[in-house]
Amino acid sequence: MMPIFGFVIANAANAEEPRVKISETAREIHAKSIVIDGHNDLPWKIRTKSNSEFKILDIAKTQPKLHTDLPRLKAGGVGAQFWSVWVPVSLGYKGTALLTTIEQIELVKKMVTVYPDQLEMAKTVADIRRIYGEGKIASLIGVEGGHCIENSISNLNHLFDLGARYMTVTHNDSLDWADSATDTSKSNGLSPFGKEVILRMNRLGMMVDISHVSAKTMHDVLDTSQAPVIFSHSSARAVANSPRNVPDDVLKRIPEHDGVVMVNYFSAFVVPKAAEVYQAGLDYKRDLQKEHDSAKVNQLYNRWKSEHPMPAGDIADVLDHIDHLTKVAGWRHVGIGSDYDGVGMVPIGLDDVSTYPRITQGLLDRGYTEEQIQGILGENLLRVMEKVEQTAQSLGYQVDHPSSP
């Protein structure tokens, strides 16, 4: 998810780091678990803050203004990371979304070549396990938003050939062929072309990501897809009432499709009060846009945000979402998709990519078994990805080879 910045944290002066003491048992479980994060927006930060130059923004060194760098990834025990190659939806209207997405894919590949001792590109589950076994971080590409294919199946094929292994069906705006959770409907879910996109992704072996889409689109994708689907960075709507979260009627369908919901860390999506404030702010901004130019809208909206601070919450809020997802869908259908470096506020205690062991400790404290913890940290996503690969193979495709016409 990109970009959401500039929120005021409620009671920031009184905010304290949760005292999460990592036990030896938690350390042992974490050390032998493959930790996979489904969504990290670092590539866009690299593009905008350093003109895509790692000499300017060297992630081999600690970067305190970012959520992500290599030392903290190592401290967090990350074994695989899906790097989001997000580009603004506005570029879709200008006809430059595909080109910019390709530039972002090349940036991820450049990052891997600059830091080859710590990162390696992966396209398959076998790649991930091999790279993890060699002590490096398997790096995968996730396309965030169907606007990037510019209404072309050929462009979808091309992104797959370049290494993309999931595509989020929409971002914040509804497309001609799929409705977003945060925009008005254009096609009442998926259009016929939208269903064609989903089926082509199945044949390619590209995971279908239904974070960001409307509830109707979620159901339409589940009705259409021949392979398991993912939510790369979404949480539970019953816990925090945000349209970006997954409603229970959808969660109940996830086991039959063997999908996985990867919990987002953005405070506005996981903290109940923050979700209320954030949504009220968006509604206010929409009303302003009906009467004022962009400069006046920004001025008034920024003033509103300063007067309505959002609570950041803490790690317990994220664990509450995991608990609910486990209760409704089952622990085999839960994962982690932090949205680091794509959001402006995360819960206290989950401040950056070094903090994944705290999730392990929190789950242990809440009575999760080692098998369940390992599933949530990464094995569940690997199972889903492997089934997506198998579906493609059953349809005559090999996910580690270029796509066919």
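Q: In which loop does His 212 lie?

A: This model is predicted. His 212 is located in the loop between β6 and α9.

Q: Is His 212 buried or exposed, and why?

A: A residue counts as buried when its relative accessible area is under 20%. His 212 has a relative accessible area of 1%, and therefore it is buried.

Q: Which side chain forms a polar contact with that of His 212?

A: The side chain of His 233 does so, in a polar contact of 3.4 Å.

Q: How do the axes of α7 and α8 cross, and why is the pair called roughly parallel or roughly antiparallel?

A: Angles under 35 degrees count as roughly parallel, and those over 145 as roughly antiparallel. The axes of α7 (residues 153-161) and α8 (residues 192-204) come within 11 Å and cross at roughly 30 degrees. The two helices are therefore roughly parallel. Their crossing is right-handed.

Q: Which residues of α7 and α8 meet?

A: An α-helix has 3.6 residues a turn, so residues three or four places apart point the same way. In this structure, α7 contributes Ile 153, Leu 156, Asn 157 and Phe 160, while α8 contributes Phe 193, Glu 196, Val 197, Arg 200, Met 201 and Leu 204. Of these contact residues, seven are nonpolar, one is polar and two are charged.

Q: At what angle do α16 and α17 cross, and is the crossing right-handed or left-handed?

A: The axes of α16 (residues 356-365) and α17 (residues 370-394) come within 10 Å, with a crossing angle of roughly 145 degrees. The crossing is right-handed. Six of the contact residues are nonpolar, one is polar and none is charged.

Q: How many residues of α16 are buried?

A: Seven of its 10 residues are buried, and α16 is mostly covered. The buried residues include Tyr 356, Ile 359, Thr 360 and Leu 363. Just after this helix, Gly 367 adopts a positive phi of about 95 degrees.

Q: How far apart are Ile 336 and Ile 376 in sequence and in space?

A: Distance along the chain and distance in space are read separately. Ile 336 and Ile 376 are 40 residues apart in sequence, and their C-alpha atoms are 6.9 Å apart in space. Ile 336 belongs to strand β9 and is buried, with a relative accessible area of 3%. Beyond its neighbours up to four places away in sequence, Ile 336 touches residues including Tyr 356, Ile 359 and Ile 376.

Q: Where is His 333 found, and which backbone oxygen does its side chain reach?

A: His 333 is in the loop between α15 (315-328) and β9 (334-336). Its side chain reaches the backbone oxygen of Gly 259 at 2.8 Å. With 8% relative accessibility, His 333 counts as buried. Among the residues that His 333 touches are Pro 255, Asp 258, Asn 380 and Arg 383.

Technical notes: Residues numbered from 1 in each chain as written. Predicted model: local features only at pLDDT ≥ 70, side-chain atom pairs only at ≥ 80, totals over all residues. Heavy atoms only, no water. Axes fitted to C-alpha atoms, helices over the stretch in contact; angles between N-to-C directions. Helix = DSSP H or I, 4+ residues; strand = E, 2+ residues; numbered from the N terminus. Left-handed = near helix turned anticlockwise from the far one by under 90°. Nonpolar A, V, L, I, M, F, W, Y, C, P; charged D, E, K, R; others polar. Parallel < 35°, antiparallel > 145°, perpendicular 65-115°, else oblique. Contact = heavy atoms within 4.5 Å. Buried < 20%, exposed > 50% of the residue type's maximum accessible area, 1.4 Å probe, protein only. Polar contact = N/O pair within 3.5 Å; in protein donor to acceptor, adjacent residues only side chain to side chain.
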